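I opened my notebook to record what I looked up in this structure, one topic at a time.

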Amino acid sequence: MSKSNLTRRGLLKTSAVAGAGVALPTIFTASSAAAYMNEPTGGSVTLGFNVPQTGPYADEGNDELLAQKLAVEHLNGEGDGGCLKTFTSNALQGNGILGKKVEFVTGDTQTKSDAARASAKSMIEKDGAIMINGGSSSGVAIAVQGLCQEAGVIFMAGLTHSNDTTGKDKKANGFRHFFNGYMSGAALAPVLEKEYGKDRRAYHLTADYTWGWTQQESIAAATEAVGWETVNNVLTPLASTDFSSYITPVLNSGADVLVLNHYGGNMVNSLTNAIQFGLLDKEVNGKDFKIVVPLYSELMAAGAGANIKGVFGSMNWNWQLQDEGTKAFVQSFGEKYGKPPSNSAQTCYAQTLLYADACERAGTFNPCGVSEALEGFEFDGLGNGPTLYRADDHQCFKDVLVVKGAENPTNAYDTLEIVEITPRAQVEYAPDHPMFAGGDLGTCNPGA
Amino acid sequence: MDAFLIQILNGLDKGSAYALIALGLTLIFGTLGVVNFAHGALFMIGAFCAVTLQRIFKLSFVTEDPTQQDFLGNPLKVETPYVMDWFGPEVGAGIIEWSVPLAILFCIPVMIGVGFAMERGLIKHFYKRPHADQILVTFGLAIVLQEIIKYFFGANPIPTPAPASLNGVVNLGAIIGMDIVYPLWRVIYFCFSALIIGGIFAFLQFTTFGMVVRAGMADRETVGLLGINIDRKFTIMFGIAAAVAGLAGVMYTPINPPNYHMGMDFLVLSFVVVVVGGMGSLPGAVLAGFLLGILESFASTTWATTTIPGINQVIIYLVAIIVLLTRPRGLLGRKGVMED
């Protein structure tokens, strides 16, 4: 009769050792198989397009999505090639990215930070998206950029204009092609000075969130630098629909310029209300009253209708530009969809091509390699003239457009006219500029 | 003093929309006992009646102009509205320009039809269900309606201006030697609202139909026992309430370009107005609508937001709490309504 020496403690020890032994190869397999997050293993690579498909910016999101789909077509060698023909980097050959066919999945940001993070997370974790692109809000962009940094994928921002995106909230995995509030101020202020003079008193109405705050700060600083006085800045809730209560105090403030730091529906309503109250027909301090909308989009202009006539603002890009990159993109987009692209569509298209190009030049999809390829990258031919992706903060530097509402529009798309193409040198700033202080780019995260 | 009076006007103007929507909500609640969360959607559909009529008037035939080019370099396609072709450029342009006032006539039958369809097709099945069920189904209906509108009209606001002659400003203080400049269309909106509210009260007060409805609101069962088909009359009242919300929406389009979400923007505030005014009380709804409009207007002034930051965002709810603590039935609420 044999006696077993098995004790409870012994059994636990043996189980632990056996468990570790079984698990060990799996751990090694996981780390050796995936050198970075969502490394493509088959014949295709998946990009994640995270745009507002519902909610107030759904039309803008739809335009972004059209451009992203067009970019995928061009990357895969379909269609007319678009900007692949004009892009000064010749790395893209129309055979996908690094020989892999480009596929995409889409997410709906709903223009809500939590929803945008959830949709980006789902695309990364469930669909294996290796890059996230798109969006129409700075709040969303900052939230998704943070998520991509944690997850270890590249974030190529869509429309985001807050200084914070590449300022205090910048991340090593995040890249912004779109311009920002500081650049709007630097481009607009000299034109406003030329048009309206040095001795002006400005009243700001500002959307109460990150984009509004940084744009107001930028515009106030730039206009004060040319001699304007900022009379007041009133923060308005994002959910505001009727701005009459905010407009009427302007009438008795002594201001002769109203600056609307509003975007989307807020801007359409505040501008409409300001026009209703006859501000543009008023004379204050011996001068004609003026309204400025620092950030324009084509859809906002369409929503505001005739109210934007003669009102100055700025844009990242406009389909009326005559450079080769713009012409190629507008032709391609227009032929396919029957309308000119918006500036948010253009930024998403350019970002998708820039990401693909960086992968080709880096020879890898590894976010750290891609990031290195994008940092300090100088290029042309995507529609904004010579452009630099600055390494310090991952912000693109390029010409900025000063525009105004068309006086005599001839068709539905003829809503804005280009007043000036402000050269890149005029909108550049030091990486440690106080308006962008407080953040840390950190190091790239490859995930896995 | 001028600034004070202008804020009063702003409040009356905001209150006009609140009062009209709350009036319709109260009519439906008072007659049918239904808490209709789709009422904001009716306001939105009314606004889109104006957009639809404007689009109908702008229906165009296309000709190519070889002397001009579109953005792709092709000959420009010039759209000429049929009304301009049929009635001449000036009359045609005038018809398009007056599409919002003309939409009042277009909106009434459309909204009564929408109201009937909504009541007969869906809401009548929930009369005897708990209020929570009614809220869920009507809220769901509101979302469905706004998604339908978004599908056909997009998410972007659509400019729907008032006729140029009604689009300027008017100095309301000229008679008393003050400078109270106010947008003409907003003055018209206030007067229009007052007219509709007066009309509804007169209809309920001075017509036999109104008398029966009021009797039904007080004691539905007894009126039914007298052989009167009160359900049918209440269905008509639902249609009328829908038309009132629709008219409020039509007239609101020049104030802010309509979008599919505008109903939701007003819905919660209008419910607060109904609760503050007193559930089921028509005068309460109107009084609370204007009162809260004025309070909201003053809370948005620079002085108020500097003194108490954020007051503009919470004032209405703050007042609602105070009113409900001191007068649980609301300002003019009746005993027994929603208390069983």
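My entries below go from the domains to the sheet and then to a pair of helices.

**Ground rules.** I noted that this is a predicted model, in which local features need pLDDT of at least 70 and side-chain atom pairs count only at pLDDT 80 or more, while totals for chains, interfaces and linings use all residues. Residues are numbered from 1 along each chain as its sequence is written, and chains are lettered from A and ligands numbered from 1 in the order in which they are written.

**Domains.** I looked up the domain assignment of chain A (the bounds come from an automatic or database assignment), and it gives domain 1 as 3-179 + 319-394 and domain 2 as 182-315. The centres of domain 1 and domain 2 of chain A, taken over C-alpha atoms, are 34 Å apart. For their contact (C-beta atoms, placed from the backbone, within 7 Å), I noted 15 residues from domain 1 of chain A and 16 residues from domain 2 of chain A. On the domain 1 side, the elements giving two or more residues are α2 (58-75), α4 (138-151) and α11 (343-362) of chain A; helices (H or I, at least four residues) and strands (E, at least two) are DSSP runs, numbered from the N terminus. The largest share of that side, three residues, comes from α4(A).

**Sheet.** I then followed an open sheet of seven strands in chain A, with mixed pairing and the order β7-β6-β8-β11-β12-β16-β17; two strands pair if DSSP finds at least two bridges between them. Why is one side of β7 and of β17 of chain A left without a neighbour in the sheet? I wrote down that β7 (229-236) and β17 (416-422) of chain A stand at the edges and each have a single partner strand, so one side of each has no neighbour there. Strand β6 (residues 201-207) of chain A runs parallel to β7(A) and is joined to it by seven bridges, and A:Leu205 has A:Val234 in β7(A) as its bridge partner.

**Helix pair.** Last, I checked helix α5 (residues 181-196) of chain A, which packs with helix α6 (residues 210-225) of chain A at an angle of about 30 degrees, with their axes 8 Å apart. Axes are lines fitted to C-alpha atoms, for helices over the stretch in contact, and angles run from 0 to 180 degrees between N-to-C directions. Among the residues that meet are A:Leu188 and A:Leu192 in α5(A) and A:Ile219 and A:Ala222 in α6(A).

Definitions and conventions: Two residues are in contact if their C-beta atoms, placed from the backbone, lie within 7 Å.
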